[in-house]
Amino acid sequence: MGEEQQPGQILRRAVAYPYEAPLRSFLQVGKHSHDLDSAAGLDLDSREPLLAYGANASPSVLARKLEGLAEEPLPVLRAELSGFDVVYSAHISPYGAVPSTLQRSEGTTVPVFVLYPSPDQLARLSATEPNYELRRLSPTDLRTDLVLTPPAVQAYVSRHGCLALDEAEVALAAIEASARRFPAIGEVEVLERVRHLLAPELDLERFVESSLDPGMAAARTTVLRGNAIPLRY
């Protein structure tokens, strides 16, 4: 489980997903986040843009994931993506949450971010995403703050597909989308639904704690992905 955690801390971390992200573009430098009002002086042309729609849009998560690297600025630009929604993935994360992935949703517009990581930053981020594959997307309806929208972006897409509850995808209530087509629920509710399916004999805290065991998380993910819905792209 890594460093020792206090009672309840494991559950609090899981249910806080996807963590707080600002309603603005920002520059992440080490542990510090700074407002970004202009792209002037930023070397973006030499970097591959990376779409972030879940925890990777949170300054606190970026600070933790990039800890130990040289404090090179990471531009994080606010954006909007149309034709997609952010839904739950059919897997259990290493810290016990049910995290997110993308799914096509005609007419829906969802807030996202576009990161411009250095090669070292991208390698570190990728090392924290064992349940995702890095795919190159060419969305036609991405609008990025401060700079011209890139013609293509990389994105972490779930290896396991979209979680199906009642035979349909379920969106993250924490991420407010316009013209949303999928039902939306919060992290606590999705964890309760998954717990009831996989381990009804456990309460929520015991369920999340037991999912920190890699073997248990993998076994539970195998069940969830059995009914998963693939990305329609």
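Throughout, a residue counts as buried under 20% relative accessible area, as exposed over 50%, and as partly exposed in between (1.4 Å probe, protein chains only). The model is a predicted one, so to speak: local features need pLDDT of at least 70, side-chain atom pairs count only at pLDDT 80 or more, and totals for chains, interfaces and linings use all residues. Residues are numbered from 1 along each chain as its sequence is written, and side-chain values use heavy atoms, with hydrogens and water left out.Starting with the overall picture, the chain has six helices and 12 strands; these are DSSP runs (H or I of at least four residues for helices, E of at least two for strands), numbered from the N terminus. For 233 residues, a compact globule would come out with a radius of gyration near 17 Å, and the chain agrees, at 17 Å. That radius is taken over C-alpha atoms, and the globule rule is 2.2 Å times the number of residues to the power 0.38. Along the principal axes, the C-alpha atoms fill a box of roughly 55 × 40 × 25 Å. Buried residues account for 51% of the 233 residues. Of the contacts (heavy atoms within 4.5 Å) between residues at least 6 apart in sequence, 75% join residues at least 24 apart.

Most residues other than glycine have a negative phi, and most peptide bonds are trans. Y17 and P18, however, are joined by a cis peptide bond, with omega at about 10°. P18 sits in the loop between helix 1 (9-15) and strand 1 (26-29), and Y19 is found in that loop between helix 1 and strand 1 too. Y19 has a positive phi, near 70°, without being a glycine, and with a relative accessible area of 18% it is buried. This stretch meets S58, which has contacts with P18, Y19, E20 and A21 once neighbours within four places in sequence are set aside. S58 itself belongs to the loop between strand 3 (50-52) and helix 2 (59-65), and at 0% relative accessibility it counts as buried. Another positive phi, about 55°, turns up at A179, again not a glycine. A179 is in the loop between strand 11 (171-172) and strand 12 (184-185), and its 52% relative accessibility makes it exposed.

Helix 3 comes next. Its buried residues are Q121, L122 and L125. They cover an arc of only 100° around the axis, which puts them on the same side of helix 3; the arc is that of the directions from the helix axis to the C-beta atoms. An α-helix has 3.6 residues a turn, so residues three or four places apart point the same way. The buried residues of helix 3 pack against strand 3, helix 2, strand 4 (74-88), strand 5, strand 6 and strand 8 (153-158). On the face turned away from that buried side, helix 3 carries the exposed residues P119, D120 and A127.

T128 is placed in the loop between helix 3 (119-127) and strand 6 (132-137). Its relative accessibility is 29%, which counts as partly exposed. The side chains of T128 and K65 are joined by a polar contact of 3.1 Å. Such a contact is a pair of N or O atoms within 3.5 Å; within protein, one must be able to donate a hydrogen and the other to accept it, and residues adjacent in sequence count only if both atoms are side-chain atoms. T128 and P94 are 34 residues apart in sequence, with 9.5 Å between their C-alpha atoms.

P111, in strand 5 (residues 100-115), is likewise partly exposed, at 22% relative accessibility. Not counting residues up to four places away in sequence, P111 touches R78, A79, I175, E176 and A177. P111 and A184 are 73 residues apart in sequence and 15 Å apart from C-alpha to C-alpha.

Finally, helix 6 (residues 214-225) has 12 residues and reaches 16 Å from its first C-alpha to its last, close to the 16 Å expected at 1.5 Å a residue; the expected span is 1.5 Å times one less than the number of residues. Its buried residues are A217, R220, T221 and L224. Seen down the axis of helix 6, these fall within an arc of 105°, so they line one face of the helix. Their cover includes helix 4 (187-198) and helix 5 (204-210). At the N-terminal end, helix 6 is capped by D213, with a side-chain oxygen 3.1 Å from the backbone nitrogen of G215.
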